[in-house]
Amino acid sequence: MKKEDLPQDPGALDKFTREVCYVKNEDGKYETALSKGWEVKKQALDSAWDDVNERIEDARKAVANGDKSPVHYFMELRLMDLPVLSGYTGFFPFFIKRHLKPSVFKGLSDRKLEKYARAFDVTLHELKNFKG
C-alpha cells in the first residue's frame, strides 16, 4: 500500500494508540507509517466485543437464575478461561469446574474465595454477595 493510501479512520483506540504499518514511499521503498485505524478493522473488533459482552450478560443471567456461581460471571468478565484462572489461583481446572456450581461455591472457605477475589480484582464481599 502506498503511504498516501494508508487508512486514517478513527477507531476505538485512536486517542490512545496508533498502529504501525509498512507502506511504500514515493521511491517505491518500504518504510513504516502510523495509522489511526481502518473502518473494516474497527467493525471486526466491534463485532468481537459484542460477542464478549453477550457472553458476559449470559453469565450474569446464569448466576441470577442460580445455574452458576459468581466465579463463572467474573471469569467471563475478566476474559479468563480455566487454564488462565488456574494459573492465577493455583486451583486445578477440575476444581474450578466444581466451583462453578452454586452449591459447591457456597461451601468454599474464605481462604479459597480470597484467591478468586484477588484473581478477579474484586473484594471478597463483592464475590460472595454477587447475585447477578
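Predicted model: local features only at pLDDT ≥ 70, side-chain atom pairs only at ≥ 80, totals over all residues.

Colleague: What makes Leu 45 partly exposed?

Modeller: Its relative accessible area is 46%. Buried needs under 20% and exposed needs over 50%. Leu 45 sits in helix α1, residues 39–64.

Colleague: Why is Ser 35 called buried?

Modeller: Ser 35 has a relative accessible area of 3%. The limit for buried is under 20%, so Ser 35 qualifies. Ser 35 belongs to strand β2, residues 30–35. Leaving out residues up to four places away in sequence, Ser 35 touches Leu 6, Pro 7, Gln 8, Arg 18, Glu 19 and Cys 21.

Colleague: Turn to helix α3. Which of its residues are buried?

Modeller: Helix α3 covers residues 82–89, and Leu 82, Leu 85, Ser 86 and Thr 89 are buried there.

Colleague: How do you know that they line one face?

Modeller: Look down the axis of α3. The buried residues fall within an arc of 105°, so they line one face of the helix.

Colleague: What covers the buried residues of α3?

Modeller: The cover includes α2 (70–77), α4 (93–99) and α6 (110–120).

Colleague: What happens at the two ends of α3?

Modeller: At the start, a side-chain oxygen of Asp 81 comes within 3.0 Å of the backbone nitrogen of Val 84. Just after α3, Gly 90 takes a positive phi of about 85°.

Colleague: Move to α4. What makes His 99 buried?

Modeller: His 99 lies in α4, and its relative accessible area is 4%. That falls under the 20% limit, so His 99 counts as buried.

Colleague: Why is the link between His 99 and Tyr 116 called a polar contact?

Modeller: The two side chains are joined at 2.6 Å. The cut-off is 3.5 Å for a pair of N or O atoms, one able to donate a hydrogen and the other to accept it. The pair therefore counts as a polar contact. Tyr 116 is also among the residues that His 99 touches, and that list includes Phe 91, Val 104 and Leu 108.

Colleague: Which residues of α6 are buried, and how do you know that they line one face?

Modeller: The buried ones are Leu 113, Tyr 116, Ala 117, Ala 119 and Phe 120. Seen down the axis of α6, they fall within an arc of 165°, so they line one face of the helix. Their cover includes α2, α3, α4, α5 (102–106) and α7 (124–128).

Colleague: What makes Arg 118 exposed?

Modeller: Its relative accessibility is 56%. The threshold is over 50%, so Arg 118 counts as exposed.

Colleague: Why is Lys 115 called partly exposed?

Modeller: Lys 115, also in α6, has a relative accessible area of 27%. The value lies between the 20% and 50% limits, so partly exposed is the label. Lys 115 touches Thr 89 and Phe 91, not counting residues up to four places away in sequence.

Colleague: And just after α6?

Modeller: There Asp 121 takes a positive phi of about 60°.

Note on methods:
Residues numbered from 1 in each chain as written. Heavy atoms only, no water. Buried < 20%, exposed > 50% of the residue type's maximum accessible area, 1.4 Å probe, protein only. Helix = DSSP H or I, 4+ residues; strand = E, 2+ residues; numbered from the N terminus. Arc of directions from axis to C-beta. Contact = heavy atoms within 4.5 Å.
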